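This report describes a single protein model for a reader who is new to structural analysis. Please look over the sequence and the structure before reading on.

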Amino acid sequence: MKAYYKKKIIDLRARLEKEKEAKKRDNAYYAEKVREASGPSNKAYYRKSKIDHAAAHDRTIASIKRDIESAKESLKRCK
């Protein structure tokens, strides 16, 4: 059982890093789109999209962190 939780923690940490990288990529993408946008309505749309996507990434990151903490607690109970 210990090995399961240790592996789960490692996998979750890897997933957390991937999600952080995805957030950086999305932020850069939308920042570029805002710079390239021609009209004010397009700029506003891309700004809103950037905020929405960043919030979604933040929720996912928080969820993964909670899962890591839960796995750590489960690992402690196994000892």
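## Burial and surface

Of the 79 residues of the protein, 25% count as buried, where buried means under 20% relative accessible area, exposed over 50%, and partly exposed in between (1.4 Å probe, protein chains only). The protein exposes about 5900 Å², of which carbon and sulfur atoms supply 53%; these areas come from the Shrake-Rupley method with a 1.4 Å probe, and for residues only the protein chains shown count as cover.

The model is predicted: local features need pLDDT of at least 70, side-chain atom pairs count only at pLDDT 80 or more, and totals for chains, interfaces and linings use all residues. Residues are numbered from 1 along each chain as its sequence is written, and side-chain values use heavy atoms, with hydrogens and water left out.

## Overall form

The protein contains two helices and zero strands; helices (H or I, at least four residues) and strands (E, at least two) are DSSP runs numbered from the N terminus. Along the principal axes, its C-alpha atoms fill a box of roughly 60 × 15 × 10 Å.

Among contacts (heavy atoms within 4.5 Å) between residues at least 6 apart in sequence, 74% join residues at least 24 apart.

## A residue in helix 2

Ser 74 belongs to helix 2, which covers residues 40-78. Ser 74 counts as buried because its relative accessibility is 11%. The side chain of Ser 74 also makes a polar contact with the side chain of Arg 77, at 3.2 Å. A polar contact is a pair of N or O atoms within 3.5 Å; within protein, one must be able to donate a hydrogen and the other to accept it, and residues adjacent in sequence count only if both atoms are side-chain atoms.
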